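Subject: Structure handover

Hello,

Here is the structure I said I would pass on. My notes on it follow below.

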Amino acid sequence: MTQEIILYELAAADDTRFSPFCWRTRFSLAHKGLPFKSVHIGFTDIGELGGANRTVPAIRSGDTFVEDSWDIAVYLDQHYPDRPPLLGCELGKGVARFVECFTDKVIHPTILRLVSRDVFDRMDPYDRPYFRLSREEMLGCSLEEAQATRDQTVRAFRKAIHPIRLTLNKQPWLSGASPGHADYIVMAAFQWGRLATDFKILEDDDPIAQWFERGLDLHHGFGRKVHPDDGGPGFAGTGLWKASMRPVGAGIC
Ligand SMILES: N[C@@H](CCC(=O)N[C@@H](CS)C(=O)NCC(=O)O)C(=O)O
């Protein structure tokens with residue numbers, strides 16, 4: 001019998017799970033066929049989990065606490081070796097690491113420009129002041145300025161991600177014949193876009209959009225279930241946040 005896994009993650013005011021880093025872990029758990037309990041934590045309460053990074057996703061399984069979506073994928077592969085691999089052999093792991101860095105440094109910063117103003121509107125009012133402050137620091141401009149230029153931003157973005165399109169013209173998944181963690185990393189970024197805004201990031205006939213739709217259908221349509229079955233507000237509303245609780249090494253999202 002497997003121990004219960006708790007996933008701590010961000011959620012919008014209507015409880016939609018929208019965070020791209022958390023979706024990496026959601027997809028990882030679904031890939032492994034592991035049930036989990038989702039606990040919604042507010043941005044400003046993440047420090048209370050006690051992790052060194054003060055970021056989510058984080059999982060708890062018995063006495064084990066793991067932060068960082070990559071470390072969680074490694075942990076899941078190590079602890080559930082009889083289930084489908086996420087990273088596979090050392091070579092596969094190395095290539096997935098490249099996909100992670102490309103996503104963190106090319107895809108996320110652009111999607112942030114496209115969605116941040118809409119995320120702000122969908123967010124719990126409790127989290128809004130922190131979100132505006134921290135995301136405007138990341139963007140180097142106001143949320144409104146980022147939104148004002150998104151037609152140009154999205155045109156440049158669709159060109160910049162052409163290598164993904166070329167890869168998908170040659171193989172069904174970024175990981176090859178079947179999906180793996182590299183697919184989930186990129187899918188999670190588009191899931192963020194799908195859930196955070198009505199603005200069109202990809203054209204419907206784009207092979208990347210078609211791959212993403214196939215990805216949402218995986219594991220009995222797991223990617224289409226964006227509200228948790230259980231969990232609900234975790235630490236939101238405790239009001240204990242202090243500036244000293246700013247995250248260590250948080251990604252752009
Ligand atoms: N490398 C980490 C990055 C995690 C991360 O940055 N998560 C964001 C949520 S999407 C976070 O916790 N941010 C905290 C904050 O902005 O205060 C991972 O892959 O898990």
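Helices and strands here are DSSP runs, with at least four residues (H or I) for a helix and at least two (E) for a strand. Please keep in mind that this is a predicted model.

Domains

By that assignment, residues 18–78 are 36% helix and 20% strand, with their end C-alpha atoms 27 Å apart. UniProt, in an unreviewed entry, annotates this span as "domain: GST N-terminal". The unreviewed entry also lists "domain: Glutathione S-transferase UstS-like C-terminal" for residues 98–198. That span is 78% helix and 0% strand, and 29 Å separates its end C-alpha atoms.

Helices

Helix α1 runs over residues 20–31, 12 residues in total, and its first and last C-alpha atoms are 16 Å apart, close to the 16 Å expected at 1.5 Å a residue. Is α1 enclosed or open? Because 12 of its 12 residues are buried, α1 is largely enclosed by the rest of the structure. G33 follows α1 and has a positive phi near 70 degrees.Helix α3 covers residues 90–122 and contains E90. With a relative accessibility of 62%, E90 counts as exposed. E90 and I164 are 74 residues apart in sequence, and their C-alpha atoms are 22 Å apart in space.

Strands

Strand β1 (residues 5–9) pairs with strand β3 (residues 58–61) in the antiparallel sense, over four bridges. L7 has I59 of β3 as its bridge partner. β3 also pairs with strand β4 (residues 64–67), again antiparallel and over four bridges. Here R60 is bridged to F65 of β4. The hairpin of β3 and β4 has two residues between the strands, and G62 in this hairpin takes a positive phi near 60 degrees.

Backbone points to check

Most residues other than glycine have a negative phi, and most peptide bonds are trans. The following depart from that pattern.

- The V56 to P57 peptide bond is cis, with omega near 15 degrees. P57 is in the loop between β2 (37–40) and β3.
- R54 is not a glycine, yet its phi is positive, about 60 degrees. R54 is in the loop between β2 and β3, and it counts as partly exposed at 27% relative accessibility.
- D68 is not a glycine either, and its phi is positive at about 85 degrees. D68 sits in the loop between β4 and α2 (69–79), and at 28% relative accessibility D68 counts as partly exposed.

Ligand

There are 16 residues around the ligand, of which V56, S69, Y130, G251 and C253 come nearest.

- D68: an N or O atom of the side chain is 3.0 Å from a nitrogen atom of the ligand.
- S69: an N or O atom of the side chain is 2.6 Å from an oxygen atom of the ligand.
- R135: a polar side-chain atom is 2.9 Å from an oxygen atom of the ligand.

On its own the ligand has 510 Å² of accessible area, and the protein covers 95% of this.

Regards

Note on methods. Residues numbered from 1 in each chain as written. Predicted model: local features only at pLDDT ≥ 70, side-chain atom pairs only at ≥ 80, totals over all residues. Heavy atoms only, no water. UniProt positions renumbered as here; feature names shortened; annotations may be inferred. Expected span 1.5 Å × (residues − 1). Buried < 20%, exposed > 50% of the residue type's maximum accessible area, 1.4 Å probe, protein only. Near = heavy atom within 4 Å. Polar contact = N/O pair within 3.5 Å; in protein donor to acceptor, adjacent residues only side chain to side chain. Areas by Shrake-Rupley, 256 points an atom, 1.4 Å probe, with all protein chains shown as cover. Pairing = 2+ DSSP bridges.
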